[in-house]
Amino acid sequence: MSNIQLIIEERAANIGNFMVGRLLPFRQKRMIGPFSFIDHMGPVKLSERENLDVLAHPHIGLSTLTYLFEGSMMHRDSLGSALEIKPGEVNWMTAGKGIVHSEKTPEYLRHSDKVLHGLQIWVALPKELEQMEPSFVHVGKEELPTWNEGETQFTLIAGKAFGRASAVPVYSPLYMIEVKSKEKTKLSLGDQLFGESGIYILEGGIEEEGNSFGPKQLLVAQNHSLCTFTMEANTTIYIFGGEPFPEERFINWNFVSSDKSLIEKAKDDWMNQRFDKIAGEENEFVPYPSLTNR
């Protein structure tokens, strides 16, 4: 019997001047463990006249995880952080009670051709930490645990798994693992995982109980302990999940909370410009949308 509970296909979504493939939230599965939102960016080629410009926008109640495969982005936030992220690195921004950030093509790349490709992820905070002070951490590629098992390479991007711990300072039991196979290989990972679990196929394919799955599909497992599958040669997947929260999480635009009143307050604060500003970008912001599909 297959261990696949649900198959989620990427759906096109517009985040301003940039199209992405949305994976979570999904109408039949709003979250996987504490993971509440996943966008696949690109791969997209941008000309010397095209740039990524996600202007200042707010968040509450979550941590954002940015992980790039190709390209570069400049992160700035209302804490004063200003840092470029490159492939294999992690930007981990915790909004808590409220933060504002922007993501743009770095200045030195704005007048040349470039490629952008990566994942943008939201991880909901535990109820008791939803109103914590905001923070920002950048974790270098060399700080992420990486190991090989035969011709298969593993990188622990966030959380704990396989007896290892990522340097990303998460706030609840979770894991996000990159797995790359050079040759066809069978993996049985159930005893290394916990909670709810999903597999996103970036490239290549996997087989499970006679079923084949390919790129841009997110597979949600019925039971993490039964996580056994075969990776085709030259395949890259991301396994993520963790312990779900006992309380429901509500998502409205860029706000996540277990308390709808906190979302309403954040909406009012943003519309009346009571959030802190990003230095040098005080007059740039994304207005609260009149309608939202998040």
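Mentor: Contact here means heavy atoms within 4.5 Å. With neighbours up to four places away in sequence left out, F285 touches L55, A56, W270 and Q273. This is a predicted model: local features need pLDDT of at least 70, side-chain atom pairs need 80 or more, and totals for chains, interfaces and linings use all residues. Numbering runs from 1 along each chain as its sequence is written, and side-chain values use heavy atoms, without hydrogens or water.

Start with F285 itself. F285 sits in the segment after α1 (260-271); helices (H or I, at least four residues) and strands (E, at least two) are DSSP runs numbered from the N terminus. F285 counts as partly exposed because its relative accessible area is 36%. The bands are under 20% for buried, over 50% for exposed and partly exposed in between, with a 1.4 Å probe and protein chains only.

With a relative accessible area of 27%, Q273 is partly exposed.

Next, the rings. F285 belongs to one aromatic cluster with W253, F255, W270, F275 and Y288. The pairing rule takes Phe, Tyr and Trp (its six-membered ring) with centres within 6.5 Å; planes under 30 degrees apart are stacked, over 60 edge-to-face, the rest tilted. That rule gives 15 aromatic pairs. One of them is F37 with W122, stacked at 4.0 Å centre to centre and 20 degrees between planes. This pair links distant parts of the chain: F37 is in strand β4 (residues 35-46) and W122 in strand β11 (residues 114-124), 85 residues apart. F37 and W122 are both buried. W147 and F154 are stacked because their planes are at 5 degrees, with centres 5.4 Å apart. W147 and F154 are buried too.

The side chain of E284 makes a polar contact with the side chain of K104, at 2.6 Å. A polar contact is a pair of N or O atoms within 3.5 Å; within protein, one must be able to donate a hydrogen and the other to accept it, and sequence-adjacent residues count only through two side-chain atoms. K104 is in strand β10 (residues 99-104). K104 counts as buried because its relative accessibility is 11%. Beyond four places in sequence, the residues that K104 touches include L55, R110, E281 and E284. L55 is also among the residues that F285 touches.

Last, the nonpolar background. A nonpolar core is a set of buried Ala, Val, Leu, Ile, Met, Phe, Trp, Tyr and Cys residues joined through side-chain atoms within 4.5 Å. The largest has 29 residues, and L65, V90, M176, Y238 and F240 make the most contacts inside it. V90 touches L65, I85, V137 and V168, among others beyond four places in sequence. A second, separate core has 22 residues, including I199, I206, L219 and F229.
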